[in-house]
Amino acid sequence: MNDKKTMVKIENLHKVFGKDSHVLRGIDLDVKAGEVVVILGPSGSGKSTLLRCINFLETPTAGTITVDGLTVNAGKATKEEETKILQIRKKTGMCFQSFNLFPHMTAIENVIEGPVTVLGQAKSECIPYAEELLDWVGLSDKRDVHPSRLSGGQQQRVAIARSLAMKPDVMLFDEPTSALDPELVGEVVEVMERLADEGMTILAVTHEMHFARDVAHRVLIMDGGDWIEQGPPEEIFTNPREQRSKQFLAHILN
Amino acid sequence: MSETQETGGCTIPPEAHAVLEEIENRQKRFKRNTTIALLSLTAFIFFLFYVIKLDFMFMGKWVGFILTGMGFTLLVSFLAISLACILSILGALGRLSKNPIANSIATAYVSLIRGTPLLVQVYMWYLALPQLGKALEDIGIPGIQNALTLPAIPAGILALGVCYGAYMTETVRAGIQSITIGQREAAKALGMTESQAMRRIIFPQALRIIIPPISNEFIAMIKDSSLVSLMGVWELSYRAIKIGRRYFQSLEMLIMVAFIYWLMCVVLQYVQEKIEAHMARGDRRVH
Ligand SMILES: Nc1ncnc2c1ncn2[C@@H]1O[C@H](COP(=O)(O)OP(=O)(O)OP(=O)(O)O)[C@@H](O)[C@H]1O
Ligand SMILES: [Mg+2]
């Protein structure tokens with residue numbers, strides 16, 4: 001992995017909500033191209049906030065974020081920075097716990113929405129690729145169906161296709177399966193695995209231990225607004241060094 | 001209807017058919033009884049007309065004259081509601097804006113207009129505006145008095161449009177705010193700008209929610225358009241009242257004009273239902 005270029009670089013990232021809710025406390029993190037990183041940690045440790053700072057759904061309070069060579073410094077609200085933020089968002093796809101598909105559009109319309117509105121492509125031009133993506137997530141037959149008539153697992157797979165339509169360099173997953181019935185989790189994780197196999201750079205917050213153990217290259221354990229330990233899954237799961245990691249892992253592995 | 005259906009090797013049991021049939025019968029009975037009730041009500045009303053010796057000949061004679069006023073009513077209503085729609089979208093964006101100037105203008109607009117009677121506003125546009133024009137002309141803006149002296153119909157359209165725009169601003173704002181934050185975030189995560197997210201994602205969804213209240217406003221507008229008669233426009237109700245008074249047959253004229261308003265509103269309601277059904281595509285509940 002070391003010879004690959006750095007895809008995401010986070011330096012000294014702080015996030016303060018309100019005046020004194022110090023949620024992220026100086027995070028440093030490098031993610032290489034094609035690397036799959038799983039972020040674990042107790043509730044409230046700042047996992048979602050960290051992901052959301054990478055594509056600026058939350059505005060970092062201090063620090064810098066670099067995605068594919070584009071660097072944004074926190075706290076500078078210039079026009080130039082705003083343009084860079086939009087560019088970073090085009091390079092990053094994000095999947096949410098609650099899917100957030102656009103309910104007034106069919107599956108295929110959801111998938112082409114990014115390319116059409118953001119990249120200004122003609123509809124006819126992006127439909128073939130969108131169909132390919134729907135096929136890739138196993139939903140060709142749901143092409144013209146609205147989200148309200150899809151199961152949670154199907155909705156999340158359409159949401160993945162919607163993100164992929166922008167041809168992102170990085171995918172962020174924030175607990176993509178935790179709103180799903182247990183029997184629907186597998187179909188979403190399977191899509192994420194294939195995405196990893198194809199070399200996508202992935203940062204995922206997920207409690208799917210199988211994904212963390214078998215797919216991730218690196219596992220990061222967060223607590224209190226910073227990571228306390230990181231390493232290859234086999235190391236983290238069998239032999240954690242930190243006491244807090246041990247406690248947390250003991251808690252989730254049962 | 002009661003031949004047994006094969007559904008995946010499992011037949012619907014016969015007692016279930018009896019239940020289904022009973023449900024269907026109940027729906028049929030309900031429909032039939034409602035129709036009977038409505039017909040009886042109509043018959044009763046015509047009977048009343050007969051008892052009070054309503055002069056149908058007289059009504060027939062003047063119906064054409066009164067209907068000519070419908071043109072004004074529809075013209076004023078359609079233009080005013082169009083103006084109100086534009087103002088309400090701008091108003092809602094202003095109310096939600098973080099720009100202090102836009103926000104305070106929108107807030108003042110809504111507060112001021114909702115806090116004063118429509119009647120006063122109509123006279124403001126028609127009678128008070130020319131005076132303002134004169135004052136401005138006196139301090140050296142040439143031609144402004146003429147520009148601000150509005151004929152009755154434009155004044156009426158402005159008064160109604162601006163007034164309804166203020167009420168509808170709050171409806172549109174509530175509609176926009178009812179769309180979950182997740183939708184805006186998903187749009188942003190794709191790289192959309194604020195205005196793209198509003199145009200493509202938030203507003204189309206909000207529209208679905210605000211169509212029923214907006215239709216209500218439109219129906220109310222049709223009726224409030226009779227206020228332009230205050231400025232001497234010969235619209236529907238003005239004609240009816242004039243003729244009724246002249247021949248001391250106000251009852252006939254008022255019943256007739258009420259009926260005409262009602263018909264217009266029924267048509268609008270029908271259009272509203274069609275639009276709603278169209279907007280509800282993809283909504284699980286209506287399929
Ligand atoms: N918009 C916000 N305003 C104020 N506080 C917030 C906001 N978003 C998050 N927080 C706080 O920041 C802390 C970290 O939240 P975050 O959602 O990042 O945690 P998490 O690790 O993702 O937790 P979970 O596992 O429950 O999803 C929490 O204490 C939360 O209350
Ligand atoms: Mg979270």
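These notebook entries record what I looked up in the structure.

**Entry 1. Ground rules**

I am working with a predicted model, in which local features need pLDDT of at least 70, side-chain atom pairs count only at pLDDT 80 or more, and totals for chains, interfaces and linings use all residues. Residues are numbered from 1 along each chain as its sequence is written, chains are lettered from A and ligands numbered from 1 in the order in which they are written, and side-chain values use heavy atoms, with hydrogens and water left out.

**Entry 2. Annotated domains**

I looked up the UniProt features, whose positions follow the numbering used here, whose names are shortened, and whose annotations may be inferred rather than shown by experiment. For chain A, the unreviewed UniProt entry places "domain: ABC transporter" at residues 8-249. I found this span to be 39% helix and 26% strand, with its end C-alpha atoms 26 Å apart. Helices (H or I, at least four residues) and strands (E, at least two) are DSSP runs, numbered from the N terminus.

For chain B, the unreviewed entry places "domain: ABC transmembrane type-1" at residues 70-272. Here the span is 83% helix and 0% strand, and its end C-alpha atoms lie 20 Å apart.

I count two strands as paired if DSSP finds at least two bridges between them.

Axes are lines fitted to C-alpha atoms, for helices over the stretch in contact, and angles run from 0 to 180 degrees between N-to-C directions.

Strand β3 (residues 36-40) of chain A runs parallel to β9 (residues 218-223) of chain A, and 4 bridges join them. One pair I located is A:Leu40 with its bridge partner A:Ile221 in β9(A). Contact here means heavy atoms within 4.5 Å.

**Entry 3. The sheet of 4 strands in chain A**

I then traced an open sheet of 4 strands, β2-β1-β4-β5 of chain A, with antiparallel pairing. The edge strands are β2 (21-32) and β5 (70-73) of chain A. Strand β4 (residues 62-67) of chain A is joined to β5(A) by 4 bridges, and A:Thr66 has A:Thr71 as its bridge partner in β5(A).

Helix α1(A) lies across β1 (6-17), β2 and β4 of chain A, at about 120° to β1(A). Helix α2(A) lies across β4 and β5 of chain A, at about 130° to β5(A).

**Entry 4. Ligand 1**

Which residues surround ligand 1? Among them are A:Phe17, A:Val23, A:Lys47, A:Ser48 and A:Glu175, where near means that a heavy atom of the residue lies within 4 Å. Helix α1 (residues 47-54) of chain A gives the most to this shell, with 3 residues.

I checked polar contacts, which are pairs of N or O atoms within 3.5 Å; within protein, one must be able to donate a hydrogen and the other to accept it, and residues adjacent in sequence count only if both atoms are side-chain atoms. An oxygen atom of ligand 1 is 2.7 Å from a side-chain N or O atom of A:Lys47. For A:Ser48, the corresponding distance is 2.7 Å, and for A:Glu175 it is 3.3 Å. Taken alone, ligand 1 exposes 630 Å², of which the protein buries 57%. Accessible areas come from the Shrake-Rupley method with a 1.4 Å probe; for residues, only the protein chains shown count as cover.
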